[in-house]
Amino acid sequence: AEMIASEGRAVVVAVNKWDLVADKQKTQKAMRETIEEKMSQVPGVALVTISALGERGLDKLMAAALAAYDTWNRRVSTPDLNRWLQEAVSRHAPPASEGRRVRLRYITQPSTRPPTFVAFCSRPAELPRSYIRYLTNSLRQVFGLPGVPIRFSLKKGENPYAGRSTRVRSRR
């Protein structure tokens, strides 16, 4: 699971020999719990039961693979991302570090395969890993990105006032 996430690949789990399973509901529930536990890096992984010999479930497997591929290639517009960022920050503000809050200014998606997001903020090193996880999980939920790893990074935005003189000019 860690290798899949680090490679940035979409995931679909297919379980073969499903026609031989006696208690299908109980087994499927146990398998879902195991997948959620073992593949916590990539929540929302699709689980498809198939019987290759009986040729059952293969259409569902193909549909799940195509859906994962579409999610892996999904692009979210910058205005939608910035609206989401404002709402996410208003719901749960970033923690203060040394008495000052980290200001998240804007976010963009530079690439897909996997979906990659870059947020620009005042002090990226000060933002705790737990808050980045909150933002990533929120992105996954709001924009429907299950079963694919999300790359989320922070960059320090340029100060638009850097290099300007602080002297105030007087009017004549």
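Which element provides the largest share of the lining of the largest pocket? Helix H5 does, with 6 residues.

The model shown is predicted, so that local features need pLDDT of at least 70 and side-chain atom pairs count only at pLDDT 80 or more, while totals for chains, interfaces and linings use all residues. Residues are numbered from 1 along each chain as its sequence is written, and side-chain values use heavy atoms, with hydrogens and water left out.

View 1. Two or more lining residues come from each of H5 and strand E7 (151-156). By class, the lining has 6 nonpolar, 4 polar and 4 charged residues.

**View 2. The hairpin of E5 and E6.** Strand E5 (residues 104-111) pairs with E6 in the antiparallel sense over 5 bridges; strands pair if DSSP finds at least two bridges between them. Tyr106 stands opposite Phe120 in E6. Between the two strands are 4 residues, and Arg113 in the turn has a positive phi of about 60 degrees.

**View 3. Ser122 in the loop between E6 and H5.** This loop joins strand E6 (116-121) to helix H5 (129-142). Ser122 counts as buried because its relative accessibility is 13%, buried meaning under 20%, exposed over 50% and partly exposed in between (1.4 Å probe, protein chains only). The side chain of Ser122 reaches the backbone nitrogen of Arg103 at 2.9 Å. Not counting residues up to four places away in sequence, Ser122 touches Arg101, Val102, Arg103, Arg105 and Lys156; contact means heavy atoms within 4.5 Å.

**View 4. Lys24 in helix H2 (residues 24-38).** With 34% relative accessibility, Lys24 counts as partly exposed. A polar atom of the side chain of Lys24 lies 2.9 Å from the backbone oxygen of Trp18. Trp18 and Asp19 are touched by Lys24, not counting residues up to four places away in sequence.

**View 5. Leu53 in the loop between E2 and H3.** Leu53 counts as exposed, at 83% relative accessibility.

Key: A polar contact is a pair of N or O atoms within 3.5 Å; within protein, one must be able to donate a hydrogen and the other to accept it, and residues adjacent in sequence count only if both atoms are side-chain atoms. Ala, Val, Leu, Ile, Met, Phe, Trp, Tyr, Cys and Pro count as nonpolar, Asp, Glu, Lys and Arg as charged, and the others, Gly among them, as polar.
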